[in-house]
Amino acid sequence: MKFLDKTKERFGIINSVLCMGLDPVWDNLPQEVKSDDTEKTLTSFFYSLLENFGNKALAVKPNIAFFEPFGTAGHTALKKIISYAQEKNIPVILDAKRADIGNTSKAYAKAVFEELNADAVTLAPYMGTDSLSPFFQYKDKGFFVLARTSNPGSSDFQMLKLENGQYVYEAVITKLIDWSKEFDVPIGAVAGATHIEELDRITSLFKNAGNLPLLIPGVGKQGAHFDDIVAVLKKYDFDLSSVFINSSSKILYAHKEHAGLSYLEASEIEINKMMLK
């Protein structure tokens, strides 16, 4: 089944746009899950979150960068977590931000979609069509290309104006729409919730292009508000089954802000803040 068909079916069941980021930070992990076995610690923590709250997430988004410092144990844990999520019918977006010259991208795509078996991936557009086309050959998978990212430094390049009057991020969006037609796959964008005006613009353009998917980070620690994002989406009657509003550390490490509660009780409080009304 194609990625967006999976999410449409899942949305019809759970009515959620939550994308739960899975980013292990050792110092922030609850003490009760930690052991000398790194792989077991990581899998136990994320298994428990998926077991308890997987039915509230439209997708999950492990960031490969947080697993790589753990070496072999991290890689093995990542594979197991991806598999565990999929056993629960939760689509997995691998946050890897890949792209390179053609042959390198072929290797990246094979690693992401065949070795790790992710359902979707984040990609970087800077190197252009030939750096991303190897990913687009995987027709059943999902793709989210960086357009207007949530970090403060994103304006260094993304908000530069081109001679035609477009901002760079708008040129990326235009290209994603063109690529979606050229490669006959729906290619989505990473559009940060911390830049609500640009998110509004991207939502408008993507609505006119047939509701191309949106991965929206920035809720929680980065300061964006869930209800503000939903208001923009509803303004354009956007297909919410192709929208993934991500929150990572605010959910994963909520126990650090909710004294006296278990880590699962604390996480549930933050997850419930991101449920559709």
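Tutor: A residue is called buried when its relative accessible area is under 20%, exposed when it is over 50%, and partly exposed in between. By that scale K273 is partly exposed, since its relative accessible area is 46%. The model discussed here is a predicted one.

I turn now to the helix pair. Two packed helices are described by the angle between their axes and the distance between the axes. Here helix α9, spanning residues 196–208, packs with helix α10, spanning residues 226–235, at an angle of about 30°, and their axes lie 9 Å apart. Because angles under 35 degrees count as roughly parallel, α9 is roughly parallel to α10. The crossing in which α9 passes α10 is right-handed.

On the α9 side, the contact is made by I196, L199, D200 and T203, which meet D228, I229, V232, L233 and K235 of α10. By residue class, the contact of α9 with α10 consists of five nonpolar, one polar and three charged residues.

Two residues of this contact, D200 and K235, also form a salt bridge through their side chains, at 2.8 Å from N to O. The pair links distant parts of the chain, with D200 in helix α9 and K235 in helix α10, 35 residues apart. The two partners fall in separate accessibility classes: D200 has 17% relative accessibility and therefore counts as buried, whereas K235, at 55%, counts as exposed.

For context, the whole structure contains 15 salt bridges. One of them joins the side chains of E39 and K80, at 2.5 Å from N to O. Since E39 belongs to helix α2 (residues 38–53) and K80 to helix α4 (residues 71–87), this pair ties together parts that are 41 residues apart in sequence. E39 is partly exposed, with a relative accessible area of 22%, and K80 is likewise partly exposed, at 37%.

E270 counts as buried, because its relative accessibility is 5%, while K273 is partly exposed at 46%.

Notes. Residues numbered from 1 in each chain as written. Predicted model: local features only at pLDDT ≥ 70, side-chain atom pairs only at ≥ 80, totals over all residues. Heavy atoms only, no water. Axes fitted to C-alpha atoms, helices over the stretch in contact; angles between N-to-C directions. Helix = DSSP H or I, 4+ residues; strand = E, 2+ residues; numbered from the N terminus. Parallel < 35°, antiparallel > 145°, perpendicular 65-115°, else oblique. Left-handed = near helix turned anticlockwise from the far one by under 90°. Contact = heavy atoms within 4.5 Å. Nonpolar A, V, L, I, M, F, W, Y, C, P; charged D, E, K, R; others polar. Salt bridge = Lys/Arg side-chain N within 4 Å of Asp/Glu carboxyl O. Buried < 20%, exposed > 50% of the residue type's maximum accessible area, 1.4 Å probe, protein only.
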